[in-house]
Amino acid sequence: MPFRPLDELDDLEDIELPKPLSLRRVCSTKACRGTARPGGRHCLACHARAVRRYRDRHAQELITRRRDATALRDEATRAADSGRAKLAMALRRGTMRRGLCHICGTADVMGIIEDPQRWRDAVWACREHRQAELERRRDAAAQRAADAKQAAWYDERTQALAAIELLPPAERA
Ligand SMILES: [Zn+2]
Ligand SMILES: [Zn+2]
């Protein structure tokens, strides 16, 4: 390649050199030179501002949504919460006193409420035995569900057999 005259090389200085490879991405907010959050388009400060602005603009909507979510909490959970709250209140007021762990007799206990309506019948258990009791109840509930399923299957089968019995003999097969 022949050498180029010097004045021609000077013109080349206007050519933009490739930028050095950089993993840093700049915030998309106009005039902000902050570093974009990993996986995000904006820097931390701009993101925080955007979230705040969104919350302000949608405050009412967010309140309503939260209220709806609370309302949707299923009935059983609400009843359980209410039972627990009543028990806690009774203990605070002194109208009821904690018992001893029903297994080991320790005094450091928590109440286990079987039926929220009958929170006064709470069973007292220490941390260790509370865990054991809850596990026992979970197993018992699973067993009840399995039994109910089996009973339903048995009923269905009995009814199917009874229906077959009613058919004229020629159609039984
Ligand atoms: Zn920014
Ligand atoms: Zn115990």
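Me: Which helix gives the most to the lining of the largest pocket, and with how many residues?

Reply: Helix H4 does, with 5 residues. This is a predicted model. H4 covers residues 75-93. H4, E1 and H5 each supply at least two lining residues.

Me: What is the volume of the largest pocket, and what makes it a pocket rather than a cavity?

Reply: The volume is about 420 Å³. A pocket is an open set of points, whereas in a cavity the probe fits but cannot get out.

Me: Which residues are closest to the centre of the largest pocket?

Reply: Of the 18 residues in the lining, the closest are Arg84, Gly111, Ile112, Ile113 and Arg130.

Me: Now the metals. What makes the atoms around the zinc ion (ligand 1) its donors?

Reply: The cut-off is 2.8 Å for N, O and S atoms. The SG atoms of Cys27, Cys32, Cys43 and Cys46 lie at 2.2 to 2.4 Å. They therefore count as donors.

Me: Why is the arrangement around the zinc ion (ligand 1) called tetrahedral?

Reply: Four donors qualify if all angles lie between 85 and 135 degrees. The 4 donor atoms here subtend angles of 101 to 117°, so the arrangement is tetrahedral. The ideal tetrahedral angle is 109.5 degrees.

Me: How are the donor residues of the zinc ion (ligand 1) spaced in sequence?

Reply: The spacing is C-x4-C-x10-C-x2-C. Cysteine 32 and cysteine 43 form a pair that links distant parts of the chain, 11 residues apart. Both sit in the loop between helix H1 (6-12) and helix H2 (44-57).

Me: Are cysteine 32 and cysteine 43 buried or exposed?

Reply: Both are buried.

Me: Why is alanine 31 called exposed?

Reply: Exposed means over 50% relative accessible area. Alanine 31 has 78%, so it counts as exposed. Alanine 31 also lies in the loop between H1 and H2. Its phi is positive, about 75°, although alanine 31 is not a glycine.

Me: Which atoms coordinate the zinc ion (ligand 2)?

Reply: They are SG of Cys101, Cys104 and Cys126, plus ND1 of His129. The distances are 2.0 to 2.3 Å. That range is within the 2.8 Å donor cut-off.

Me: Are cysteine 101 and cysteine 104 buried, exposed or partly exposed?

Reply: Buried means under 20%. Cysteine 101 has a relative accessible area of 5%, so it is buried. Cysteine 104 has 38%, which falls between the 20% and 50% limits, so it is partly exposed.

Me: Why does histidine 129 count as buried?

Reply: Its relative accessibility is 15%, under the 20% limit, so histidine 129 counts as buried. Histidine 129 is found in helix H5. Beyond its neighbours within four places in sequence, histidine 129 is in contact with Cys101, Ile103 and Cys104.

Me: Why does glutamate 133 count as buried?

Reply: The value is 9%, again under 20%, so glutamate 133 is buried. Glutamate 133 lies in helix H5 too. Its contacts beyond four places in sequence are His102 and Ile112.

Me: What covers the buried residues of H5?

Reply: The cover includes strand E1 (110-112) and strand E2 (123-125). Buried in H5 are His129, Glu133 and Arg137.

Me: How do you know that the length of helix H5 agrees with its residue count?

Reply: Helix H5 has 40 residues, 127-166. At 1.5 Å a residue the span should be 58 Å. The end C-alpha atoms are 58 Å apart, so the two agree.

Me: What makes glutamate 114 exposed?

Reply: The limit is over 50%, and glutamate 114 has 60% relative accessibility, so it counts as exposed. Glutamate 114 is found in the loop between E1 and E2. Its C-alpha atom is 9.6 Å from that of glycine 83, 31 residues apart along the chain.

Me: What is the overall pattern of the protein chain?

Reply: The order is α-α-α-α-β-β-α. That comes from 5 helices and 2 strands. Buried residues make up 13% of the 173 residues. Among contacts between residues at least 6 apart in sequence, 24% join residues at least 24 apart.

Terms used
Residues are numbered from 1 along each chain as its sequence is written. Chains are lettered from A and ligands numbered from 1 in the order in which they are written. This is a predicted model: local features need pLDDT of at least 70, side-chain atom pairs count only at pLDDT 80 or more; totals for chains, interfaces and linings use all residues. Side-chain values use heavy atoms; hydrogens and water are left out. Donors are N, O and S atoms within 2.8 Å of the metal (3.2 Å for Na, K and Ca); water is not among the atoms, so sites may look incomplete. Four donors count as tetrahedral if all angles lie between 85 and 135 degrees; four count as square planar and six as octahedral if opposite donors are over 155 degrees apart and all others between 65 and 115; anything else is irregular. Helices (H or I, at least four residues) and strands (E, at least two) are DSSP runs, numbered from the N terminus. Buried means under 20% relative accessible area, exposed over 50%, partly exposed in between (1.4 Å probe, protein chains only). The expected span of a helix is 1.5 Å times one less than its number of residues. Contact means heavy atoms within 4.5 Å. On a 1 Å grid over the protein atoms alone, a cavity is a set of points where a 1.4 Å probe fits but cannot get out, and a pocket is an open set with protein on both sides within 12 Å along at least five of seven lines; lining residues have an atom within 4 Å of a point. Grid points are joined across faces, edges and corners, and a volume is the space filled by probe spheres set on the points.
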